[in-house]
Amino acid sequence: MEITMTLDCKGLSCPMPMMKLSKAMKGLNSGDVLEMLGTDPGTKSDLPHWCEKTGNELLSQEDLEGGVTRMLIKKK
Amino acid sequence: MSDKNEGSVLTQLFKTFFGKHWPVWVGGIVVGFLNVLLFAIKSPWGASGGINNWGENIFSSIGVFNLEHVTPTNLNLYGMLCLMIIAGSFIGALFSKEFALRIPPKGEMIKGLLGGVLMAIGATVGIGCTIGAFFSGVPALSGGAIIFTFGLMIGVIIALRYLMWEMEKFPKWSSGKSYTWFSASGKKGRGQIIIGWIMVIGVGVLAYSYTGSLQTMTWFVIIGTLFGLISQRSRFCIVKAFRDPLMTGESHGAVGVIAGLLVGLFGFTIIKYFGISVDGSSLRAREMTWVFSHFWAKAAIGGVIFGVGMTIAGGCAVGTLWRIGEGQFKLWLSGIGFLLMAPISKLFIVPFVDGLLPHNMKFKSFLPDYIGYGGSFALVAAILLFWYWFVKWNEKTGKFSAF
């Protein structure tokens, strides 16, 4: 799978990760995949709600070393 | 046949609570219920008074501002309640292996500190924060609390516009070097769970230590811990309730807060109407509990300043406390800004504002005095219903969402 863009939100807390994600997704085309790296536990519950609302697809969510969560989102 | 990896019934129960986040509405209902219990025992939930107590103790210990008659935090109900919210959140974060010390980029740290300072000014001028003057004030049928709520909304709109401008013009403010320490992702993290159990035992011992001398404190310790734990697990945060519908359009944070307010509305109205737990004070004193002398201008000014502060900080009074417990350093700075500024604001800013405002801009307004208990209950319930309809409608249409 080709990742179109990586958004580094490590160290950021609510609301910055979701604000940055919303802005970044606006600049992508349909079918593009955004990789989001974050450390805020809140994003884990905010992101599925946001994807459900916007119609974008949460492809995967995995915990990496160092408290980082990697999320892949496909633009609708 | 059950899968061997599923573990015992108790392990499954533990995973139910700490395996993933709870829906916010579940958190809202439970904290709303605990708030009613707190009122039945003594008085409703509040946060800014407790944080102010911490600040006064610090200034008192270094001999600044002549604060000689400050109650030590271990004897101050609300000072301890706030402390236990941090402890409860710490326990929740440890059990779910979500604790980590998260150091954000410098710009975020500045915003955290500044947001805390603004929240302190808003809370002292407006007599209360998102908990005392909103989450408890609205169910307490206080007219000032409703004005404070509108003030919060205006403050959130102003600060959200600032954040979006900042993200557009100065993106480096919220990017740069960040650090995460003591995390326990993946299969690691048994240590966090062990520390969590040690904390639980510590809270139990602390609660028990008050049983002989100050039984009310025993319950404040237990309920404070539960407030922190539940808020951390459900991400219960009042700034989220006001901000997210206007930002991404999501409604679940607002629905959680509305659910908690509705539970509080039923419980508080019953306690006030029947004078439950009057305890020697007059029925009128019980009715006027959490009805502050801030209607209308004082509540409006305080609400706007608090709304700006909490949006910049990324955590309201309770949101700041439970995020401190899960290791968000930005919110540690908000807490420090809040506790240091609150006593200063009380001494120097509040008297100035009070001097400017005539009595008819800062009086106690108890709604049942004007429209009766039935009318007041219906009015608050109608506002909550409208808020619910608005966030759900806006979630579908995106009419008032920035993104």
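**Close-up views of a predicted two-chain model**

Chain A averages a pLDDT of 94, and 100% of its residues score at least 70; pLDDT is the predictor's confidence in each residue, from 0 to 100. This is a predicted model, in which local features need pLDDT of at least 70 and side-chain atom pairs count only at pLDDT 80 or more, while totals for chains, interfaces and linings use all residues. Residues are numbered from 1 along each chain as its sequence is written, chains are lettered from A and ligands numbered from 1 in the order in which they are written, and side-chain values use heavy atoms, with hydrogens and water left out.

View 1. Helices (H or I, at least four residues) and strands (E, at least two) are DSSP runs, numbered from the N terminus.

**View 2. The contact between chain B and chain A.** Chain B contributes 38 residues and chain A 28 residues, contact meaning heavy atoms within 4.5 Å. About 2,700 Å² is buried between the two chains, 58% of it from carbon and sulfur atoms; buried area is the accessible area (1.4 Å probe) that two parts lose on being put together, summed over both.

**View 3. A salt bridge across the interface.** Lys240(B) pairs with Asp46(A) in a salt bridge, with the closest N and O atoms 2.6 Å apart. The count between chain B and chain A is two salt bridges, each a side-chain nitrogen of Lys or Arg within 4 Å of a carboxyl oxygen of Asp or Glu.

**View 4. An aromatic pair in chain B.** The structure holds 36 aromatic pairs over all chains. Rings of Phe, Tyr and Trp (its six-membered ring) pair if their centres lie within 6.5 Å; planes under 30 degrees apart count as stacked, over 60 as edge-to-face and the rest as tilted. The ring centres of Phe39(B) and Phe268(B) are 4.9 Å apart and the planes stand at 70°, so this pair is edge-to-face. The pair links distant parts of the chain, 229 residues apart: Phe39(B) is in helix H2 (residues 24-41) and Phe268(B) in helix H11 (residues 252-274) of chain B.

**View 5. Cis peptide bonds.** Cys14(A) and Pro15(A) are joined by a cis peptide bond with omega about 10°. Pro15(A) lies in the loop between strand E1 (5-9) and helix H1 (16-26) of chain A. Another cis peptide bond, with omega about 10°, joins Phe295(B) and Trp296(B), and Trp296(B) is found in strand E3 (residues 293-296) of chain B.
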